[in-house]
Amino acid sequence: MSLETLTFSNKRLQEFFKINPVVGGLTEWGAPLGQLGRLIPAVIIKNLAKPCLWVRDSQDFEVYPSFWRDLGINLREVFFLYDEDPLKNLRTPLKSSEFEIIVLDLNRFITPANMNYLAHYCRRQKVTCFLLRKYFLSPKNGNPFCRHRFNCSYSLQRDQIQITAIKGQHKPLWLNMKEVVYG
């Protein structure tokens, strides 16, 4: 597996992820449900066009394939899985997997030992892993195992998506939906 760089046609999105590289490491995302916070990770997955496993531990939301297809994501390369305890149940299968992108969309608390495992796994296997949280991240509670931490949400008032780096470059990025979708 090789490390790739992200290439967006939107210069501001390109510059943001040049300063805050997410490929080949563990990145944590604050993305509450209903805030469109999963849109930026989805656009990155589309951009990388590599096999992706998206695992969730909650049945709070459904996956709508037509939404993902309309974003331009190849549904032959993105696999959605529900598992009550993915960090326990998927360790062995992941070691022999061909997935270059793993999204862990988790409600549960993750122990420092599991965070350490994920960080080492990403570096060793050159895997890009997004840890999606159903709440906004706070700089008060750090995560030394993640390379970068972001909050991602939609502002109805501004009609824009905001990406704020909690760990990484600290200037928020505001993008309208067209800029995000067409990247």
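Predicted model: local features only at pLDDT ≥ 70, side-chain atom pairs only at ≥ 80, totals over all residues.
Strand β6 spans residues 148-155, and seven of its eight residues are buried. Two strands are described here as its partners. Strand β1, made of residues 26-30, runs parallel to β6 and is joined to it by four bridges. Within this pairing, Trp29 stands opposite Phe150 of β6. On the other pairing, strand β7 (residues 160-167) is antiparallel to β6, with seven bridges between the two. Here Ser155 stands opposite Gln160 of β7. Strands β6 and β7 form a hairpin, and four residues lie between them.

Helix α2 covers residues 39-48 and is largely enclosed by the rest of the structure, because eight of its 10 residues are buried. These buried residues are Leu39, Ile40, Pro41, Ala42, Val43, Ile44, Ile45 and Leu48. In an α-helix there are 3.6 residues a turn, so residues three or four places apart point the same way. After α2 comes Ala49, which has a positive phi near 50 degrees.

Eight salt bridges are found in the structure as a whole. In one of them, the side chains of Arg38 and Asp105 meet with an N to O distance of 2.9 Å. This pair links distant parts of the chain, since Arg38 lies in the loop between β1 and α2, while Asp105 belongs to strand β4 (residues 101-106), 67 residues apart. Arg38 has a relative accessibility of 12% and therefore counts as buried, the cut-off for this class being under 20%. Asp105, at 0%, counts as buried too.

Another salt bridge joins Asp85 to Arg108, with 3.8 Å between the closest N and O atoms. Like the pair above, it links distant parts of the chain: Asp85 is in the loop between β3 (78-82) and α4 (86-89), and Arg108 is in the loop between β4 and α6 (112-125), 23 residues apart. Asp85 counts as partly exposed at 24% relative accessibility, and Arg108 as partly exposed at 30%.

Asp70 and Arg69 also form a salt bridge, in which the closest N and O atoms are 3.6 Å apart. Asp70 is exposed, its relative accessible area being 59%, whereas Arg69 is partly exposed at 49%. The cut-off between these two classes is 50%. Three further residues, Glu28, Arg133 and Arg149, are linked in a network of salt bridges.

Pockets were also examined. Rolling a probe the size of a water molecule over the atoms shows where empty space is left. The largest pocket has a volume of about 330 Å³. Its lining is made up of 16 residues, and those nearest the centre are Leu36, Arg38, Phe61, Phe67 and Trp68. Arg38 in this group is also the partner of Asp105 in the salt bridge described above.

The lining of the second largest pocket consists of nine nonpolar, five polar and three charged residues.

Conventions:
Residues numbered from 1 in each chain as written. Heavy atoms only, no water. Buried < 20%, exposed > 50% of the residue type's maximum accessible area, 1.4 Å probe, protein only. Pairing = 2+ DSSP bridges. Salt bridge = Lys/Arg side-chain N within 4 Å of Asp/Glu carboxyl O. 1 Å grid on protein atoms, 1.4 Å probe; cavity = no way out; pocket = protein on both sides within 12 Å on 5 of 7 lines; lining within 4 Å. Points joined across faces, edges and corners; volume = space filled by probe spheres on them. Nonpolar A, V, L, I, M, F, W, Y, C, P; charged D, E, K, R; others polar.
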